Each structure stands twice: as C-alpha cells, then as structure tokens.
Amino acid sequence: MNKQEILSKIKEGGLVAVVRADNAEMAFKIADACIEGGVASIEITYTVPGATEIIKELSRRYSSGEIIIGAGTVMDSETARTAILAGAQYIVSPYLSKEVVKICNRYQIASMPGAMTVREAVECLEAGADIIKVFPGEVLGPTFIKAVKGPMPYAVMMPTGGVTLENVGEWIKAGAVAVGAGGSLTAGAKKGDYNSITELAKKFIDEIKKARNQK
C-alpha cells in the first residue's frame, strides 16, 4: 500500500489502537484483541520492549494490507528509519521532529507529529506532516481542534491521550479524522482481560460511526 492508501485506511477506520505493554507477549495479545474488535490500525509504541521485532512480526502477519501497523513514541530519525525497515507504515511522535518527518517523506511513509499549540500545528504543516497528532488530548480537549480549524480548516488532526468511549464522539464532531486510544481501550490487559479490549474496540468504532453520521 502507498502512503495515500495508508492515510485513507486510517481515516476510514477512525480508530488507531495505541499499544503500550510490559513485554512482547502482552503487546501481541493487545494487538490481536483490538484487531478482533475491528481495529484496522495498530500503533506499537517504542516504550514496549522489543518494539522493532513486534512491528516486524505484525507486518509479516498482515502483509496483505487488511491491518496497517505503525510505530509510536518515535523520538528521532534513527528510530523512525529502524521502524520503517521493520515494516512500519506510519510514524507517530509526541512532538515535531523535522528530521523524523523528513525521513518519512523521503521514504513516503505517513508521519504524525504531535502539537499542542496553534504555532506547533502550523510548524507540523510547514514540515510536511500528513496528520497532526493533537497531544496530550486530555489537556487540550475537542475544542482545540475546533479552534485550529477556524483559521486552518485544511488541517488534518487526530487526538491521542484522554480519548475515551464517553468523549470519542465529541472529538469526531469537532473535526478529528481519527482518534488514537491507548489506556482507555487496552486497560484490561493489566488484568489479563483481553476480551474486554475486543468489546471496547467494537464500542469505540460504533461511537465513531454514530458521530460521523451526526456531523
């Protein structure tokens, strides 16, 4: 799949599962539970031990393109390139690193750097980012997207952090093209309850569809 197809799939699905785990086994179980619940975009963060190998294995499993695999918490261009070589189809960062965006554009990989001010959002656009990651979402809230889209209606934005089943509809109605959900989606993993993750994923997707129909 090319970059535009990846971006279209992320927007179409509306939900990116942000996977943070204590070990690889837990990460695989979380990813599998999310996929079973209908999630098409999995983000393996570089806080997970062995993240590169997890990305490589998931990319191999889903090489046909039904599930897209990305790398999160990418702090520098070296990590970005490592993730890309492992098969990552999009790169997510908590802040703007122009070098990360540059290397993503060089290899035509989707980039999603973080921003929490209008200035930072503009700098993401100027650097050539594909999606602006609104982060931390719990601090900014859905009104931030509305505020940015006033002067910049063309800004493509996705919140991560603080996105819950209760407010995901508000984010979508505010103009988010998709949302990233981490702990609010995957918390059951800490108790070994992966079925709850699958059920929550289904509910998240239902709420996203409902909100889109109400826009």
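Predicted model: local features only at pLDDT ≥ 70, side-chain atom pairs only at ≥ 80, totals over all residues.
Student: OK, helix 3 and helix 4. What are the numbers for their axes?
Tutor: Helix 3 covers residues 51–61 and helix 4 covers residues 77–86. Their axes come within 8 Å and cross at roughly 30°.

Student: How are helix 3 and helix 4 set to each other, then?
Tutor: Angles under 35 degrees count as roughly parallel. Therefore helix 3 and helix 4 are roughly parallel to each other.

Student: Is the crossing of helix 3 and helix 4 left-handed or right-handed?
Tutor: Right-handed.

Student: Which residues meet there, between helix 3 and helix 4?
Tutor: Helix 3 brings Thr-52, Ile-55, Lys-56 and Ser-59. Helix 4 brings Thr-82, Ala-83 and Ala-86. By class, that contact of helix 3 with helix 4 has 3 nonpolar, 3 polar and 1 charged residues.

Student: Which residues of helix 4 are buried?
Tutor: Ser-77, Thr-79, Ala-80, Ala-83, Ile-84 and Ala-86.

Student: And what covers the buried residues of helix 4?
Tutor: The cover includes helix 3, strand 3 (68–72), strand 4 (90–92) and helix 5 (98–106).

Student: What comes just after helix 4?
Tutor: Gly-87, with a positive phi of about 115°.

Student: Back to helix 3. How do the axes of helix 2 and helix 3 cross?
Tutor: Helix 2 is residues 24–36. The axes of helix 2 and helix 3 come within 11 Å and cross at roughly 35°. Helix 2 passes helix 3 in a right-handed crossing.

Student: Which residues make the contact of helix 2 with helix 3?
Tutor: From helix 2, Ala-24, Ala-27, Phe-28, Ala-31 and Asp-32. From helix 3, Ile-54, Glu-57, Leu-58 and Arg-61. The residues of this contact divide into 6 nonpolar, no polar and 3 charged.

Student: Which way do the residues of strand 2 point?
Tutor: Ser-41, Glu-43 and Thr-45 point one way, and Ile-42 and Ile-44 the other way. In a regular strand the side chains alternate between the two faces of the sheet.

Student: In what sense do strand 1 and strand 2 pair?
Tutor: In the parallel sense, over 4 bridges. Strand 1 is residues 15–19.

Student: How many bridges between strand 7 and strand 8?
Tutor: There are 3, and the pairing is parallel. Val-134 stands opposite Pro-159 in strand 8.

Student: Where is Ile-131?
Tutor: In the loop between helix 6 (118–127) and strand 7 (132–134).

Student: Is Ile-131 buried or exposed? Why?
Tutor: Ile-131 counts as buried because its relative accessibility is 1%, and buried means under 20%.

Student: What is Ile-131 in contact with?
Tutor: Leaving aside neighbours within four places in sequence, its contacts include Leu-7, Ser-111, Pro-113, Val-156 and Val-177.

Student: Which peptide bond is cis?
Tutor: The one from Phe-135 to Pro-136, with omega near 0°. Pro-136 is in the loop between strand 7 and helix 7 (137–140).

Student: What phi does Thr-73 have?
Tutor: A positive one of about 55°, although Thr-73 is not a glycine. Thr-73 is in the loop between strand 3 and helix 4. Thr-73 is buried, with a relative accessible area of 18%.

Student: And Gln-108? What is its phi?
Tutor: Gln-108 has a positive phi of about 55° and is not a glycine. Gln-108 is in the loop between helix 5 and strand 5 (110–112). Gln-108 is partly exposed, with a relative accessible area of 48%.

Definitions and conventions
Residues numbered from 1 in each chain as written. Heavy atoms only, no water. Helix = DSSP H or I, 4+ residues; strand = E, 2+ residues; numbered from the N terminus. Buried < 20%, exposed > 50% of the residue type's maximum accessible area, 1.4 Å probe, protein only. Contact = heavy atoms within 4.5 Å. Axes fitted to C-alpha atoms, helices over the stretch in contact; angles between N-to-C directions. Parallel < 35°, antiparallel > 145°, perpendicular 65-115°, else oblique. Left-handed = near helix turned anticlockwise from the far one by under 90°. Nonpolar A, V, L, I, M, F, W, Y, C, P; charged D, E, K, R; others polar. Pairing = 2+ DSSP bridges.
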